[in-house]
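This report is meant to be read alongside the sequence and the coordinates. Please keep both at hand while going through it.

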Amino acid sequence: MSRPGSLLRHPRLLLGFRIVVFALAIAWPLSWACRVAQGEAGPDPGRYLLLEFGIGALTLLLLVLALTPLAKLTGWPGFGLVRRQLGVWAFVYALAHFACYLLFIIGLEPALLLADLSRRPYIIVGAAALLLLGLLAATSPRAMVRRLKKRWKPLHRMVYLALALVLLHFFWIVRADLGEWGRYALIALGLMLLRWPPLARRLGGWRRASGAGTEVNRRR
Amino acid sequence: MLIRRREHSHALEHEVTPERLYRDYRDFRRERRRVLAGALGFGAACALPRAFAAAGGYEDIDPGSAPDWFGQRLGDARWKAVEPGPEDRLTPFDDVTHYNNFYEFGSGKDDPARYAGGLVTEPWSVVIDGEVARPGRLALEDVIGESRLEERIYRLRCVEAWSMVIPWLGVPLADLLARVEPTSKARFVRFESLHDPEQMPGQRSRYGLIDWPYTEGLRLDEAMHPLTLLAVGLYGRSLPNQNGAPLRLVVPWKYGFKGAKSIVRISLTDTQPSTSWQSLAPNEYGFYANVNPKVDHPRWSQASERRLPSGLFRPNLIETRMFNGYADQVASLYQGMDLKADY
C-alpha cells in the first residue's frame, strides 16, 4: 500500500511543485500579453496591464499570507517552500505595475512623476509599498536569510505593513463602487484573523486531532 | 510565442463578398431605405423598434434597432454638421461601445456593454417640469420635435484622463428648451437619469457610492449654448444602450460625466441643482467640471490625456486643451469667473 504522506514529501515532488508555481507566475502575465496582442484588452491596453499587474500583485501577496495557515492546516511542507518565491513574484508584479504607470499613464515625464510623488497620497503610499516589497524581495534569497539570522523574521513581518499600504493605495483610487476593494480587504482581514494566537493554535491542533495525513505517518 | 486564434468575426479569404456585389447590395439597401422611409410615414405612431442600416457613410456599423421615427429622421439628417480638428481621428465604433463609464451597469469599463443589452428603451418618455411655461411628459419623438438630426463629431474628455472622438447624432438642447418656454425664474437645468434597479445591476450594488438616480446640471446659458447636444445616436445609428440610450446629454467642453445618460426628466430650476459626482466628492468634482488642464483632479493630473485607442508601444498621450479645445466658442460663458475656485 502506498503511503500518501511520504509520497507528498518526496523531494522530487516538492521540487516539481516549486517549478509549477514558477511557471504559473510567468504564465499569468503572459495570458494578459496574449489578450493585448489579440486586441481583446480594449482600446487602452496600457491601463489594462496596469490594473492587471496591480490586482495581480495584491493577489500574490494574499496568497503568500495564505500559505502559512494552509501549511498548518494540511501539514504539507510544499506550501512553506514556495513562500519566499511567491513573495518575490509579488514584488515583480508590483514593479511591472509601476513600469506601466511610468510608460502608459505619465509617459515617462519626470515632472509628472515628481508632481505625483509630492502631491498625491495614493501614489506616495503605492511607492512606499513598492519600496518595502523591494526590500523584502532583496532579502529573500537563501544567502540573505542566513546572513540576517535572527533579524530576518522581524524584518519580513513588514509584509503586513506592505499589505496594509497596498490596500490603502487601492482604496484611494476607488471612484464609485467599493465592492471589488471590499472583497480583497475581507480576504486580507480573514488571513490576519488566522494569525490571531488562539485561532492560529487551533489551526494546527485541528489537523492533529483529525489524525489525518503526514503527521500520523511520521509518528509511525 | 504568439498564438493566433481566429475570431468568429474574422472572415476567411473565400468568405469575403466581392466588392462589386457588396456595392450593388449597398446601393440597393440605400434605395430601399429611402422608399421605406417614405412608406413608413403613416404607421409610425404604433412603432416597434426595428433595424435600420446605419446611415451617413457608416454602412459597416451594426445598425442595432430603433423606432420608426428615428429611421425616417436619418433620411434628412445633416451629416458632419460639426467636424473635429484635423488631428482628431474617430475612435472606432467597437471602442466607443465597449469602453464606457455607465455606473448604472457596473463600475468596470466593459460592464455597460455586457449588462446594458436588456435595457428597454422603447417606448420612452421624458418629464419636463420646473420653471417652464409648458411642462409635461414628452414621448422621445416629441423631445426631438421638428428639429433636424445633426451629426456632431466631438472630442469626449473623461475626467479619468482618457478621451475619444465620437460622431454623435442629435439636436441642440436649445431647440427643446425654446419649445417648453423657460420662465423668467429659470436659471439652471437639471437632468435626471433612469432609476430602475431591476434593469440596472449597478444600482443594486450594496457598495456603490452614488446616490441614485444619477443627476446632472447646467447653467441655463450653458444649456442654451449651440454646442450642447441632446444625442439620440452615434455612428449613423441609434444610441447603443451602453452609451446612454435612448437619450443623453453631450457637452463637449466639459468632462464626460456631465453628459447624463438615459435621461427621464429635465427640470428647469431657479437654484443650482445638486449633481451626483459633486455630492459624492465635492473636492474632486465641481458643478462646472469644465475641461481644464491647469486644475488637477486631487488624485491625478489633468494636464494630459490618453486619446483612445492608445497602443502599447506608442501610447497616444496628448496634451489636454482648455475647454477641451472649444475655448473659442465657450470661454465667454465664464468671463470674470475664477475657474480654479469654480472647477
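The structure is a predicted model. Chain B contains nine helices and 13 strands, and 54% of its 343 residues count as buried. Where contacts in chain B link residues at least 6 apart in sequence, 70% of them join residues at least 24 apart.

Ser301(B) lies in the loop that runs between α8 (276-280) and β12 (304-307) of chain B. Because its relative accessibility is 17%, under the 20% limit, Ser301(B) counts as buried. Its side chain reaches the backbone nitrogen of Ala303(B) at 3.0 Å. Once neighbours within four places in sequence are left aside, Ser301(B) is in contact with Leu112(A) and Arg120(A) from chain A, and with Ala161(B) and Asp296(B) from chain B.

On chain A, Leu186(A), Leu189(A), Leu193(A), Trp196(A) and Leu199(A) make a nonpolar surface patch of about 520 Å². Helix α11 (residues 179-193) of chain A gives the most to this patch, with three residues, whereas Leu199(A) is found in helix α12 (residues 197-210). Leu199(A) counts as partly exposed because its relative accessibility is 31%, which falls between the limits of 20% and 50%.

The two residues with a stated accessibility are set out here.

| Residue | Relative accessibility | Class |
|---|---|---|
| Ser301(B) | 17% | buried |
| Leu199(A) | 31% | partly exposed |

Conventions:
Residues numbered from 1 in each chain as written. Chains lettered and ligands numbered in written order. Predicted model: local features only at pLDDT ≥ 70, side-chain atom pairs only at ≥ 80, totals over all residues. Heavy atoms only, no water. Helix = DSSP H or I, 4+ residues; strand = E, 2+ residues; numbered from the N terminus. Buried < 20%, exposed > 50% of the residue type's maximum accessible area, 1.4 Å probe, protein only. Contact = heavy atoms within 4.5 Å. Polar contact = N/O pair within 3.5 Å; in protein donor to acceptor, adjacent residues only side chain to side chain. Patch = residues over 30% accessible without salt bridge, like charges linked within 9 Å, V, L, I, M, F, W, Y side chains within 5 Å. Areas by Shrake-Rupley, 256 points an atom, 1.4 Å probe, with all protein chains shown as cover. Salt bridge = Lys/Arg side-chain N within 4 Å of Asp/Glu carboxyl O.
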